[in-house]
Amino acid sequence: PKFLLLDEPSAGLSPKFQGEVFKTIRDINNAGTPILMVEQNAKQALRIASRGYILVDGQNRLDDTGGKLLANKEVAEMFLGGGKAA
């Protein structure tokens with residue numbers, strides 16, 4: 001495809017299969033296909049995201065690279081279950 005849109009690709013999957021799905025997503029992206037993904041599993045999504053957007057009540061609250069959002073203390077406290085994100 002020229003572009004891949006994914007909505008909650010890890011929903012309902014065991015951790016093993018979530019890992020496989022995210023590996024496949026990375027492989028597809030690394031092969032040159034742009035991907036737009038909506039995902040509740042913020043840690044996994046931000047680990048592979050080149051760009052991330054944090055939405056709160058339908059509004060963009062924060063955006064940055066996936067790595068910077070993963071390391072952001074506010075993001076960690078609000079969405080990643082604690083003060084240390086990674």
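This is a predicted model: local features need pLDDT of at least 70, side-chain atom pairs count only at pLDDT 80 or more; totals for chains, interfaces and linings use all residues.

Me: Which residues of α1 are buried?

Reply: Buried means a relative accessible area under 20%. In α1, Q18, F22 and I25 are the buried residues. They lie on the same side of α1, because the arc they cover around the axis is only 55°.

Me: Against which elements do the buried residues of α1 pack?

Reply: Their partners are β1, β2 (35-38) and α2 (42-48).

Me: Which residue follows α1, and what is its phi?

Reply: G32 follows α1, and its phi is positive, near 110°.

Me: Which residues other than glycine have a positive phi?

Reply: Two cases may be named. E8 is not a glycine, yet its phi is positive, about 55°. D57, also a residue other than glycine, has a positive phi near 50°.

Me: Where are E8 and D57 found?

Reply: E8 belongs to the loop between β1 and α1. D57 is placed in the loop between β3 (52-56) and β4 (59-64).

Me: Are E8 and D57 exposed or partly exposed?

Reply: Exposed means over 50% relative accessible area, and partly exposed lies between that and the limit for buried residues. E8 is partly exposed because its relative accessible area is 22%. D57 has a relative accessible area of 77%, so D57 is exposed.

Me: How is the setting of a loop residue such as S10 to be read?

Reply: One asks where the residue lies, how accessible it is, and what it touches. S10 is in the loop between β1 (4-7) and α1 (15-30). Its relative accessibility is 4%, and S10 therefore counts as buried. Residues up to four places away in sequence aside, S10 touches Q18, F22, E39 and N41. The side chains of S10 and E39 are also joined by a polar contact of 2.6 Å.

Me: Is T33 buried or exposed?

Reply: T33 is buried, because its relative accessible area is 12%. This residue lies in the loop between α1 and β2. Beyond its neighbours within four places in sequence, T33 is in contact with P1, K2, F3, L4 and I28.

Me: How are separation in sequence and distance in space compared for Q44 and S10?

Reply: One states the two values side by side. Q44 and S10 are 34 residues apart in sequence, and their C-alpha atoms are 9.5 Å apart in space. Q44 is part of helix α2 and counts as buried, because its relative accessibility is 18%. Its contacts, neighbours within four places in sequence aside, are G19 and F22.

Me: How far apart are F79 and I35 in sequence and in space?

Reply: F79 and I35 are 44 residues apart in sequence and 22 Å apart in space, C-alpha to C-alpha. F79 is in helix α4 (residues 73-79). With a relative accessibility of 33%, F79 therefore counts as partly exposed. Not counting residues up to four places away in sequence, F79 touches I54 and V56.

Me: What are the corresponding values for D57 and F3?

Reply: D57 and F3 are 54 residues apart in sequence and 27 Å apart in space, again from C-alpha to C-alpha.

Me: Over which ring does the charged end of K16 sit?

Reply: The charged end of K16 sits over the ring of F17, and the distance to the ring centre is 5.5 Å. K16 is one of the exposed residues of α1 with which we began.

Me: How many aromatic pairs are there?

Reply: Rings count as a pair if their centres lie within 6.5 Å. By this rule there are 0 aromatic pairs.

Methods:
Residues are numbered from 1 along each chain as its sequence is written. Side-chain values use heavy atoms; hydrogens and water are left out. Rings of Phe, Tyr and Trp (its six-membered ring) pair if their centres lie within 6.5 Å; planes under 30 degrees apart count as stacked, over 60 as edge-to-face and the rest as tilted. A charge sits over a ring if NZ of Lys or CZ of Arg is within 6 Å of the ring centre and within 35 degrees of the ring normal. Helices (H or I, at least four residues) and strands (E, at least two) are DSSP runs, numbered from the N terminus. Buried means under 20% relative accessible area, exposed over 50%, partly exposed in between (1.4 Å probe, protein chains only). A polar contact is a pair of N or O atoms within 3.5 Å; within protein, one must be able to donate a hydrogen and the other to accept it, and residues adjacent in sequence count only if both atoms are side-chain atoms. Contact means heavy atoms within 4.5 Å. The arc is that of the directions from the helix axis to the C-beta atoms.
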